Protein chains: 2
Amino acid sequence: MTPAQVRAAAPLFAALGDATRLQLLARLATGGPGSIAALSAKAAVSRQAIRKHLDVLADAGLVHSARQGRESIWALAPERLAEAHAYLDRIAAQWDDALARLKRFVET
Amino acid sequence: MTPAQVRAAAPLFAALGDATRLQLLARLATGGPGSIAALSAKAAVSRQAIRKHLDVLADAGLVHSARQGRESIWALAPERLAEAHAYLDRIAAQWDDALARLKRFVET
DNA sequence: ATCATATGCAACCTCTTGGTTGCATAATAG
DNA sequence: CTATTATGCAACCAAGAGGTTGCATATGAT
């Protein structure tokens, strides 16, 4: 991975680096799309706080919303999600190489 | 994944959510262990800033250090690294399920 | 029409982050 | 012994993150 790619991955991880946001993603992944009210129903923080988290996830391209009547429905964003997954795989592969090299080093 | 597991993953992603730290990890993964001076040589920020980033990575369990003479050598932490990788895989799988369900939904 | 619900927006607040500078201290080189 | 090098540590700073409250506005239900 080029330094540019590494730099591009940071905002993605940063968006994932908050428990409330991870729970939101998990909720969307298992429960499907939902309105802000629905998504903040079981949350420990206010509706406005949830809204801000959704905005952060949207900026990272992980979710998107669409207004329907008086409520706005939020859902996972498939495209970028696949991209995120690919990122994770590439980074994991890089780490695996390092792990293998370390192991070889230790065993020699 | 349980809510507790989700919550536990957040600090890990947070540690990865900074370009400087990702570059440090990449450097350690490709170049092997190094002293603070060596690691901050090509960096855009000060040695002290790099040191702080290393501390953050260490708190997340991704790297560890050992003093050798007057310098302290930092390296990737294999155990936790594998754990991090497993996390990523589990989350990716959860997302893949959501993707598949979305696709099915769209195609129906 | 009227009341209730779902959001949007803005102002404010506190704690954390990412960086910096400056100085003290431990080790190695000459 | 003296200079140099590699760190450790603390104080300080500006900007951003995560939350809250309050209030305005758009829709849907009666």
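This is a short exchange about how terms are applied in a predicted model.

Biologist: What are the ground rules for this model?

Modeller: The model is predicted, so local features need pLDDT of at least 70 and side-chain atom pairs count only at pLDDT 80 or more, while totals for chains, interfaces and linings use all residues. Residues are numbered from 1 along each chain as its sequence is written, chains are lettered from A and ligands numbered from 1 in the order in which they are written, and side-chain values use heavy atoms, with hydrogens and water left out.

Biologist: What makes residues 19–31 of chain A a helix, and what is the span of α2(A)?

Modeller: Helices are DSSP runs of H or I with at least four residues, strands are E runs of at least two, and both are numbered from the N terminus. Helix α2 of chain A has 13 residues. The expected span is 1.5 Å times one less than the number of residues. For α2(A) that expectation is 18 Å, and its first and last C-alpha atoms are 18 Å apart.

Biologist: Which residues of α2(A) are called buried?

Modeller: Buried means under 20% relative accessible area, exposed over 50%, and partly exposed in between (1.4 Å probe, protein chains only). In α2(A), R21(A), L22(A), L24(A), L25(A), A26(A), L28(A) and A29(A) are buried.

Biologist: What happens at the two ends of α2(A)?

Modeller: At the start, a side-chain oxygen of D18(A) comes within 2.9 Å of the backbone nitrogen of T20(A). A polar contact is a pair of N or O atoms within 3.5 Å; within protein, one must be able to donate a hydrogen and the other to accept it, and residues adjacent in sequence count only if both atoms are side-chain atoms. Just after the helix, G32(A) has a positive phi of about 80°.

Biologist: Why is the pair R51(A) and D55(A) called a salt bridge?

Modeller: The rule asks for a side-chain nitrogen of Lys or Arg within 4 Å of a carboxyl oxygen of Asp or Glu. R51(A) and D55(A) meet at 3.5 Å, N to O. An α-helix has 3.6 residues a turn, so residues three or four places apart point the same way.

Biologist: How do you know that R51(A) and D55(A) are partly exposed?

Modeller: R51(A) has a relative accessible area of 37%. D55(A) has 29%. Both values fall in the in-between range, so both residues are partly exposed.

Biologist: How many salt bridges does the rule give over all chains?

Modeller: Four. Among them, E83(A) and R80(A) pair at 3.1 Å, three residues apart in helix α5 (residues 78–107) of chain A. In chain B, D55(B) pairs with R51(B) at 3.5 Å.

Biologist: Which side chains reach a phosphate or base oxygen of DNA strand D?

Modeller: Among them, S46(A) has a side-chain N or O atom 2.7 Å from a phosphate oxygen. R70(A) has one 3.2 Å from a base oxygen. A polar side-chain atom of R70(B) lies 3.0 Å from a base oxygen.
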